[in-house]
Amino acid sequence: MVALTASFAPATATATITMPMTKKRSGGTVCFAELSFPSFLPKQVENIKDTFARKLATRIDRLPVPVSFSDNSIMSSCVRPLIQSKTSPVVLLHGFDSSCLEWRYTYPLLEKAGLETWAVDILGWGFSDLERLPPCNVASKREHFYQLWKSHIKRPMILVGPSLGAAVAIDFVANHPEAVEKLVLIDASVYAEGTGNLATLPRIAAYAGVYLLKSIPLRLYVNVLAFTGISFGTSLDWTNVGRLHCLYPWWEDATVDFMISGGYNVSAQIQQVKQKTLIIWGEDDQIISNKLAVRLHCELPNATIRQIPDCGHLPHVERPNSVAKLIVDFVHEDCFKEAECVSQY
């Protein structure tokens, strides 16, 4: 395995981070016997080869989240932090029809840098218990996330949203600004007008489309678009990681419910975001043009932008060291400025 080492300085210490490069894989036998997965995960988790995905999967937990649209609390999946830091907690969302496993490479880097880090599954996706299927429209997703924050996180957060997760983040900030201190948007899908014509499909056609959505060939093709030059073996394993949550019996119903509800349309909310925002973009994104990164930067009142070269649509998967460094620096930049001011006196 080829290792890439990056060093950077958080507020009080220097962290040395070693992560595998995501574009190269070497052979060898890996022992998985010591890993114990939560019983609620689909049994196919055992087939995943990626050691980082397997390790993060062992840490997935379910927490009770009370919501107004269900008589019972929803047992909601997330990865909880091992530490509590003095800085605001970093809360990681994920993209469309994904899960917290999307953060398998970057999560441990943020944690190693001393950040209190959560990875949260958005209602309707991920590994929550939805046997009593709740509505999975935008309003329900927003309330669920707010109640999870209110019940368990409890402090203003650095909210990180990649791809459609950026739309989730902007919708959330516009409605609950008190819960968010800063915002990080990664290859943000924030200019789509919801699910478009998919919202008008007859339910039988919607179910057919959702069935195709979880198919291995389609997800392999999406990997070709999303990443720059990964091998077929890696792409197949990442496909198994990315569709693991689709194996729950309620996944199709939850996804159809989201599709026909109209989805996220947040372009009018962007200018309502007053929080300091970091925009991260892969320069070689084949799914969302980086020209939209410039537009987003212009429309957000308090934003900076950083582009990552030789990188596609999901930098936190493809270039975890770069993304982790940008997030850590962004979290601590006010501390750096305060220290500089003190040193001048």
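Student: Which residues form one aromatic cluster?
Tutor: Phe52, Tyr105, Phe227 and Trp238 form that cluster, where rings of Phe, Tyr and Trp (its six-membered ring) pair if their centres lie within 6.5 Å, and planes under 30 degrees apart count as stacked, over 60 as edge-to-face and the rest as tilted. This is a predicted model, in which local features need pLDDT of at least 70 and side-chain atom pairs count only at pLDDT 80 or more, while totals for chains, interfaces and linings use all residues. Residues are numbered from 1 along each chain as its sequence is written, and side-chain values use heavy atoms, with hydrogens and water left out.

Student: And how many aromatic pairs does the structure hold?
Tutor: There are 11 aromatic pairs, one of them formed by Phe96 and Phe258, which is tilted, with 6.3 Å from centre to centre and 40° between the planes.

Student: Is Phe258 buried or exposed?
Tutor: Phe258 is buried, at 2% relative accessible area, whereas Phe96 is partly exposed at 34%; buried means under 20%, exposed over 50%, and partly exposed in between (1.4 Å probe, protein chains only).

Student: Why is the pair of Tyr248 and Trp250 stacked?
Tutor: The pair counts as stacked because the ring centres are 4.6 Å apart and the planes are at 10°. Tyr248 is buried, with a relative accessible area of 9%, and Trp250 is buried too, with 13%.

Student: New topic: what lies over the face of Trp125?
Tutor: Lys141 does, at 3.8 Å from the ring centre, and Lys182 lies over the face of Phe330 at 4.8 Å; this requires NZ of Lys or CZ of Arg within 6 Å of the ring centre and within 35 degrees of the ring normal.
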